[in-house]
Amino acid sequence: MPATIVVGTQWGDEGKGKFTDLLAKEMSMVVRYQGGHNAGHTIVIDGEKFAIQLIPSGVFYDHITPVIGNGVVVDPFVLLKEMDMLSKRGINVSRLKLSGNAHLILPYHQELDALHERHLGKAKLGTTKRGIGPAYADKAMRVGIRVQDLLDENIFREKLHATLSHTNKVLTKVFNRLPLDPDQIADKVLSECLEGLQPHIADSVNIIHDALEAGQHVLFEGAQATFLDLDHGTYPFVTSSNPIAGGVCAGAGIGPKEITRVVGIAKAYVTRVGAGPFPSELFDEDGDRMVDIGREFGTNTGRRRRPGWFDAVMLRHAGRINGLTELAITKLDVLDTFDTIKMCVAYEIDGKRVEKLPYHQSELHRATPIYEEFPGWNTDMTSATEPNHLHPNAQAYLRALEDQVGIPVTLASTGPGRDQFIHWG
Ligand code: GDP
Ligand code: IMO
Ligand code: MG
């Protein structure tokens with residue numbers, strides 16, 4: 001009954017989609033356990049690029065059952081569009097299971113997300129405006145609407161009336177907007193989404209447990225990342241779910257003792273989209289080159305990602321929070337042409353060297369990185385498939401990274417393609 005987790009260790013977009021696809025080859029089931037279509041996971045198969053937001057990245061294999069777990073927030077229109085997009089491109093989505101306990105993102109969540117951001121002005125978080133925060137807020141307030149509610153029209157309408165009686169007050173009295181008609185929303189969702197989703201709605205918890213009990217290997221695919229985690233990230237510049245490995249237990253309904261392997265995905269440098277502290281951020285030519293070479297523009301929103309050097313302080317913390325058993329390093333090839341590569345190994349805060357992530361956010365804002373420098377390799381590594389294909393300087397960088405973080409690197413990726421990776425160590 002092995003269970004593996006793929007988890008982002010930085011601020012997202014580390015390449016979770018690529019490694020989920022890669023690891024799924026050996027699995028039977030791939031489960032998303034949190035987040036929603038704020039995620040954008042890219043998989044490149046034989047030069048063909050797929051960007052997916054909600055459906056687990058294991059969907060490209062016929063032997064995989066893709067499962068959207070109870071902890072995910074699901075926009076039914078987006079899910080159907082994604083299923084349609086994949087079907088049209090020849091991917092079979094008929095095996096998809098959608099938890100009846102997952103909460104729905106409905107049009108007012110998106111509207112509220114945009115209004116909250118506008119209201120915050122300069123203090124805005126830079127959310128994806130997908131309605132993620134408001135949908136999880138409704139869930140916590142116990143006025144959310146679940147996927148299973150779609151199966152009973154009366155319940156669905158009743159719940160929409162109840163939740164909108166409050167939300168409409170917020171829309172009209174706080175934000176000076178027009179109220180929404182619950183029946184109009186119900187009509188649209190039921191007529192456009194129910195038929196397409198119904199065959200997929202399932203009891204995800206028992207499906208996952210039956211697979212584990214049958215000795216099948218289940219992979220849990222994280223979206224977002226450790227430092228976007230609602231509890232452990234750089235609050236308030238975080239998402240509204242728990243992407244960390246522990247989030248699997250609540251978001252998919254399994255106990256911690258089921259988890260045998262936790263693979264932390266990290267870029268060989270760091271990027272962040274949206275606002276929030278970022279000690280090793282670069283504002284210079286090196287940063288611009290990372291963005292250019294790494295094509296660091298959001299898969300989902302197209303926004304430029306903020307670049308920075310690899311931060312070992314963050315990674316050590318991510319190792320603890322997630323119980324990482326190994327690391328997979330992506331985008332090593334993006335550093336191929338840099339003469340010098342830097343790694344943040346500690347912070348300087350108020351004149352003191354600090355090796356652990358400070359719990360107080362103000363300290364993180366004041367932290368300046370202490371770097372170790374490594375000679376670059378000035379070699380194209382995009383066709384490396386064995387550790388000894390890597391230039392000795394690239395090998396030395398990976399070894400130093402392992403030493404600094406204290407977790408073995410088992411995989412390294414040297415290009416976006418499915419075959420561009422090496423087993424390391
Ligand atoms: P995710 O959200 O963690 O799944 O990551 P994204 O898909 O949002 O962003 C990662 C981007 O890097 C995608 O465009 C991938 O195709 C690309 N990518 C992944 N691994 C590598 C790699 O090793 N090298 C390069 N150059 N690109 C990569
Ligand atoms: P993947 O799974 C990078 C960021 C947003 C914003 C903050 C809150 O592709 O790694 P939200 O819409 O979730 O309320 O936005 O979180 N964010 C991501 N950044 N990758 C993601 O997903 C992200 N999902 C959300 O930019 O700063
Ligand atoms: Mg992404």
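1. Let's start with Asp-149, which lies in the loop between α4 (132–141) and α5 (153–174). Helices (H or I, at least four residues) and strands (E, at least two) are DSSP runs, numbered from the N terminus. This is a predicted model, where local features need pLDDT of at least 70, side-chain atom pairs count only at pLDDT 80 or more, and totals for chains, interfaces and linings use all residues. Residues are numbered from 1 along each chain as its sequence is written, chains are lettered from A and ligands numbered from 1 in the order in which they are written, and side-chain values use heavy atoms, with hydrogens and water left out.

2. Is Asp-149 buried or exposed? Asp-149 counts as buried because its relative accessibility is 5%; buried means under 20% relative accessible area, exposed over 50%, partly exposed in between (1.4 Å probe, protein chains only).

3. Leaving aside residues up to four places away in sequence, Asp-149 touches Ile-155, Phe-156 and Lys-159. Contact here means heavy atoms within 4.5 Å.

4. Now to ligand 1. Among the 18 residues around ligand 1, those that come nearest are Lys-16, Gly-40, Thr-42, Asp-333 and Ser-413; a residue counts as near if one of its heavy atoms lies within 4 Å of the molecule.

5. Which element gives the largest share of the shell around ligand 1? That is α1, with 3 residues.

6. One lies 2.6 Å from an N or O atom in the side chain of Thr-42, and an oxygen atom is 2.8 Å from a polar backbone atom of Gly-40.

Technical notes. A polar contact is a pair of N or O atoms within 3.5 Å; within protein, one must be able to donate a hydrogen and the other to accept it, and residues adjacent in sequence count only if both atoms are side-chain atoms.
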